[in-house]
Amino acid sequence: MHPSDLFVELDKTIHNRKGFDCGTQALNQFLQQFALRHSEAGISKTMVLPAGGDASTICAYYTLAHTEIKRQSLPKAMAKKLPRHPVPVMLIAQLAVHKDAHGQGLGKSALIKALKHCCDINDHLPSYAVVVDALNEGVQEFYKQYGFMPLDHDEERIRLFISMKTIQQLFV
Ligand SMILES: CC(C)(COP(=O)(O)OP(=O)(O)OC[C@H]1O[C@@H](n2cnc3c(N)ncnc32)[C@H](O)[C@@H]1OP(=O)(O)O)[C@@H](O)C(=O)NCCC(=O)NCCS
């Protein structure tokens, strides 16, 4: 599987959502059943990386949405500088690589593209941080190596964050 260079917005007339398999059913199902519906409803945006020379095959995808976090869930040093309100953040709601392309650096490039996308949105309307929900402890390590820090967790997910100031430093 050879990816092209550019992530593009998911388009049902071009992209074969059913052919995508990252090995995690919930992430396959989101792409196949919900990504377009959520995009049409105006609550998230899904970007896909097509294969080079075969625009229908999806090598990787990410989905961005807005959300908010509790101020108290941030480290104290950060929280004390913020007003006593929920804190607006961007959410990497999904991020996955086709299982045939695992281990080739696509997860890293999808994450960098997603963070750059957040940074560009931030130029128009600021958010305090980007958060991501890791499905398990292994995936948590994937995000931590790029500077994400634990925020909070429940039985279903481990929430991590990286401040927008840190992200901006990556793209100066
Ligand atoms: C997690 C996932 C996105 C990683 O994608 P990938 O293309 O295989 O990862 P990369 O090749 O870009 O790896 C980049 C680095 O992360 C590390 N890494 C990859 N998967 C990891 C994992 N599950 N846990 C910890 N580290 C991981 C790699 O070893 C590599 O480190 P290195 O640069 O020091 O060699 C991919 O395995 C996937 O889609 N999994 C199923 C869906 C999923 O769990 N998505 C996360 C959403 S919560």
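Two strands count as paired here if DSSP finds at least two bridges between them, and the strands themselves are DSSP runs of E with at least two residues, while helices are runs of H or I with at least four, all numbered from the N terminus. With that in hand, six bridges join β5 to β7, and the two run antiparallel. Before going on, a word on the model: it is predicted, so to speak of local features takes a pLDDT of at least 70 and side-chain atom pairs count only at pLDDT 80 or more, while totals for chains, interfaces and linings use all residues. Residues are numbered from 1 along each chain as its sequence is written.

Let's zoom out to the sheet. It is an open one of seven strands, in the order β1-β2-β3-β4-β5-β7-β6, with mixed pairing. β1 (8–9) and β6 are the edge strands, each pairing on one side only.

Next comes β5 (residues 129–134). Five of its six residues are buried, so the strand is largely enclosed by the rest of the structure; buried means that 20 or more other C-beta atoms lie within 10 Å of a residue's own, exposed means 12 or fewer, and partly exposed is in between, with C-beta atoms placed from the backbone. β4 and β5 pair in the parallel sense over three bridges. To get from β4 to β5 the chain crosses through α3, and this β-α-β crossover is right-handed (with the strands pointing away from the viewer, the path from the first strand over the helix to the second runs clockwise). β4 also pairs with β3, antiparallel and over ten bridges, with Ala65 opposite Leu91 in β4.

Now for the packing. Nonpolar side chains tend to be buried together in soluble globular proteins. Here the largest nonpolar core has 39 residues, and Val89, Val130, Val131 and Phe161 have the most contacts inside it. Such a core is a set of buried Ala, Val, Leu, Ile, Met, Phe, Trp, Tyr and Cys residues joined through C-beta atoms within 7 Å. β4 gives the most to this core, with nine residues. Take Val131: leaving aside neighbours within four places in sequence, its contacts (C-beta atoms, placed from the backbone, within 7 Å) include Thr67, Val89, Leu151 and Phe161.

And the ligand? There are 20 residues around it, of which Ala96, His102, Gly107, Lys108 and Glu141 come nearest; to be near, a residue needs its C-beta atom, placed from the backbone, within 6 Å. β4 (87–97), α3 (106–124) and α4 (137–144) each supply at least two residues of this shell, and α4 gives the most, with four. By type, the shell divides into ten nonpolar, eight polar and two charged residues. (Ala, Val, Leu, Ile, Met, Phe, Trp, Tyr, Cys and Pro count as nonpolar, Asp, Glu, Lys and Arg as charged, and the others, Gly among them, as polar.)

Last stop: Lys12, in the loop between β1 and α1. Lys12 counts as exposed because it has 11 C-beta neighbours inside 10 Å.

Technical notes
Two residues are in contact if their C-beta atoms, placed from the backbone, lie within 7 Å.
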